[in-house]
Amino acid sequence: VGERLIPALENPSSDDANTHSSTAAATKYHQNLRVLRMKPHLPSKLNNITGRLFYYPLRLISLMYCLFYTLWIQLQDRTTTSIPVDVILVQNPPSVPTLLLVYLYCVWEGLLGRKRPRFVIDWHNLGFTMFESPTQQTSFLRIIILTSIRIIAKSYERILAAMADAHLTVTHAMEVWLGEHFNVHGANVRVLYDKPPMLFRPTTIDEEHELFQRLDLEGENEQLNGWLDRVDGMHEEQT
């Protein structure tokens, strides 16, 4: 059920297709679930390099504060939860600073003589690929900066991956990649395919026709126009 429990928990009476299927599970486990939301500050982002040099550190500090407060303050509050934390499942990305702080929290709990939570990474993608890549039009200085950021981010991700207790991947290809590049393999890696909610389904001819008519792309592209003509023909045949 996973993430689909959250909207069902917050509004169990909802008739929305995305939440209705999870309402029964949410009701069953409601007494054992607590939703702790984090709202990191989002500083204004400027497009120039100077603006980004300020944006990223401020964004990082904000994320670190939210994670620290959630892990070291809220989870220690017995009014929030009286159940010890056994496992922390981290969806990746984002990698920075989530992986590091969660690992440090698990180690911290062990040092205090408590049961050390297991650190599990749920690999949906690779965090370092989220950073901008240089192109042929990129200036030399910008190429150095962007490449350095990606190299550092990839090294950070590889080091933290080795420190995790277990891994989940959404595809077999991701499992193979992690084994080849991050040396993550063996019994602690499992493929767990994503199960999309009910709202994701193949679109019908009528829905495709309505969408492109609404976009009003006539005359923008000859190839698209040809495709629209074929869709119109199929629509007329069905009606």
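How many helices and strands does the secondary structure of the chain come to? I looked this up to start, and found 8 helices and 4 strands; both are DSSP runs numbered from the N terminus, helices being H or I with at least four residues and strands E with at least two.

A note to myself on the source: this is a predicted model, where local features need pLDDT of at least 70 and side-chain atom pairs count only at pLDDT 80 or more, while totals for chains, interfaces and linings use all residues. Residues are numbered from 1 along each chain as its sequence is written, and side-chain values use heavy atoms, with hydrogens and water left out.

Next I read along the sequence and wrote down the pattern α-α-α-β-α-β-α-β-α-β-α-α.

Then I turned to a helix pair. Helix 4 (residues 98-111) packs against helix 5 (residues 140-163) at about 30 degrees, and their axes are 10 Å apart. I take axes as lines fitted to C-alpha atoms over the stretch in contact, with angles from 0 to 180 degrees between N-to-C directions. That angle makes helix 4 roughly parallel to helix 5 (angles under 35 degrees count as such).

Which residues meet there? From helix 4 I listed T98, L99, L100 and Y103, and from helix 5 Y156, E157, L160 and M163; contact means heavy atoms within 4.5 Å. I sorted the residues of this contact into 6 nonpolar, 1 polar and 1 charged.

Last, I checked the whole chain. Of its 239 residues, 31% count as buried, meaning under 20% relative accessible area with a 1.4 Å probe, protein chains only. Among contacts with a separation of 6 or more, 56% come from residues 24 or more positions apart.

Notes. Angles under 35 degrees count as roughly parallel, over 145 as roughly antiparallel, 65 to 115 as roughly perpendicular and the rest as oblique. Ala, Val, Leu, Ile, Met, Phe, Trp, Tyr, Cys and Pro count as nonpolar, Asp, Glu, Lys and Arg as charged, and the others, Gly among them, as polar. Buried means under 20% relative accessible area, exposed over 50%, partly exposed in between (1.4 Å probe, protein chains only).
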